[in-house]
Amino acid sequence: MELGNVRLVLVHDDNKPRKLKHNLGHPRILAFGGAYSNLIRALAGAGREHGVETIGVIRGEEHLPLNPVLAYARACGMRLTYLDRAAYRRKHTPEVLDRLRAEFGEVFVLPEGGSNAAAVRGCAELPAELGDDYDVICCPVGTGGTLAGIAAGLPPGRRAIGFSVLKGGGFLHEEVARLQRQAYGEATANWSIELGYHFGGYARTTPELDAFAAEHHVERIYVAKMLYGVHDLIRKGRFEPGTRILAVVTAQPELPVASCDSPTGFDSGEPRWRR
Ligand SMILES: *Cc1c(COP(=O)(O)O)cnc(C)c1O
């Protein structure tokens with residue numbers, strides 16, 4: 001797409017399988033997530049594919065019948081358990097973790113959003129698959145692992161812009177730097193985060209964002225916020241004329257209903273390019 005005098009190309013790439021790739025060396029892995037969590041879904045599929053036992057700790061109460069994400073996770077063999085909201089907030093405290101270990105045995109626990117050093121290294125593999133025909137790469141930011149990795153994997157002279165989907169995302173600057181230090185010993189200086197496109201906060205929306213998502217046929221929680229932000233920065237002249245922008249589309253607008261026979265529950269495969 002030519003917008004004014006910059007070029008914007010969308011690249012489809014699911015980030016959760018990348019975040020899991022280097023985390024799969026454990027026999028039993030536990031992850032936390034909401035009832036529609038992309039991480040829960042990706043971990044269930046990857047566990048099935050790689051022979052890893054998986055446990056999904058879901059925020060809130062059990063609702064039957066299971067929604068498509070959790071039904072898929074179950075079909076892949078993931079064990080599901082639930083934490084009320086208060087306990088979920090304390091999920092990384094020793095008392096909650098000890099309780100989970102008493103129930104499920106010794107487990108490797110993924111942090112919120114799956115963002116750890118191994119996840120950063122997995123996401124850092126994306127830029128090498130994208131050639132070099134771009135100046136700026138844009139992605140949504142939830143917990144920051146994806147931006148931390150993409151920025152770390154960039155060739156010289158390129159930069160990354162993350163778009164926070166959280167309200168009050170200022171802490172993400174330190175978080176992304178921390179994740180890069182954890183993975184590589186130092187943080188890079190080639191990224192920034194836009195904080196003004198959260199539309200009310202995580203999973204919140206507005207009529208304007210809904211209309212944008214419908215018009216562009218993109219997923220709302222992450223992708224629409226990023227893409228709206230990219231269009232807005234272009235409109236405001238924040239990019240030099242001729243800038244080549246790649247936007248990483250990390251999810252599809254509708255949840256594909258997958259059986260656990262399709263390896264990851266995602267429509268994965270080669271990155272697909274769209275103009
Ligand atoms: C998890 C997720 C993100 C955010 O990734 P972080 O590494 O947590 O910042 C972006 N898009 C989609 C679709 C996701 O599921």
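**Close-up views of a predicted model**

The chain of this predicted model has an average pLDDT of 93, and 93% of its residues score at least 70.

**View 1. An open sheet of four parallel strands is built in the order β5-β4-β3-β6**. The edge positions belong to β5 (residues 79–83) and β6 (residues 108–109); each has a single partner strand, so one side of each lacks a neighbour in the sheet. Helix α2 (residues 38–50) packs on this sheet and touches β3 and β4 (residues 53–59). The direction of α2 makes about 160 degrees with that of β3. Helix α3 (residues 68–75) also packs on the sheet, where it touches β4 and β5. Its direction makes about 135 degrees with that of β5.

**View 2. Strand β3 (residues 28–33) and strand β6 run parallel and are joined by two bridges**. Within this pairing, Ile29 is placed opposite Phe108 of β6.

**View 3. One cavity of 30 Å³ or more is present in the structure**. Two or more lining residues come from each of the helices α1 (residues 15–21) and α7 (residues 145–153). By residue class, the lining of the largest cavity comprises four nonpolar, three polar and two charged residues.

**View 4. A cis peptide bond links Leu64 to Pro65**. The omega angle of this bond is near 0 degrees. Pro65 is situated in the loop that runs between β4 and α3. For comparison, most peptide bonds are trans.

**View 5. Phe199 adopts a positive phi, near 50 degrees, although this residue is not glycine**. Phe199 occupies the loop between β9 (residues 191–194) and α9 (residues 207–216). Most residues other than glycine have a negative phi.

**View 6. Residues 264–275 form a segment in which pLDDT stays under 50**. For these residues the model has 35 contacts beyond four places in sequence.

Notes
Residues are numbered from 1 along each chain as its sequence is written. This is a predicted model: local features need pLDDT of at least 70, side-chain atom pairs count only at pLDDT 80 or more; totals for chains, interfaces and linings use all residues. Side-chain values use heavy atoms; hydrogens and water are left out. Two strands pair if DSSP finds at least two bridges between them. Contact means heavy atoms within 4.5 Å. Axes are lines fitted to C-alpha atoms, for helices over the stretch in contact, and angles run from 0 to 180 degrees between N-to-C directions. On a 1 Å grid over the protein atoms alone, a cavity is a set of points where a 1.4 Å probe fits but cannot get out, and a pocket is an open set with protein on both sides within 12 Å along at least five of seven lines; lining residues have an atom within 4 Å of a point. Grid points are joined across faces, edges and corners, and a volume is the space filled by probe spheres set on the points. Ala, Val, Leu, Ile, Met, Phe, Trp, Tyr, Cys and Pro count as nonpolar, Asp, Glu, Lys and Arg as charged, and the others, Gly among them, as polar. pLDDT is the predictor's confidence in each residue, from 0 to 100.
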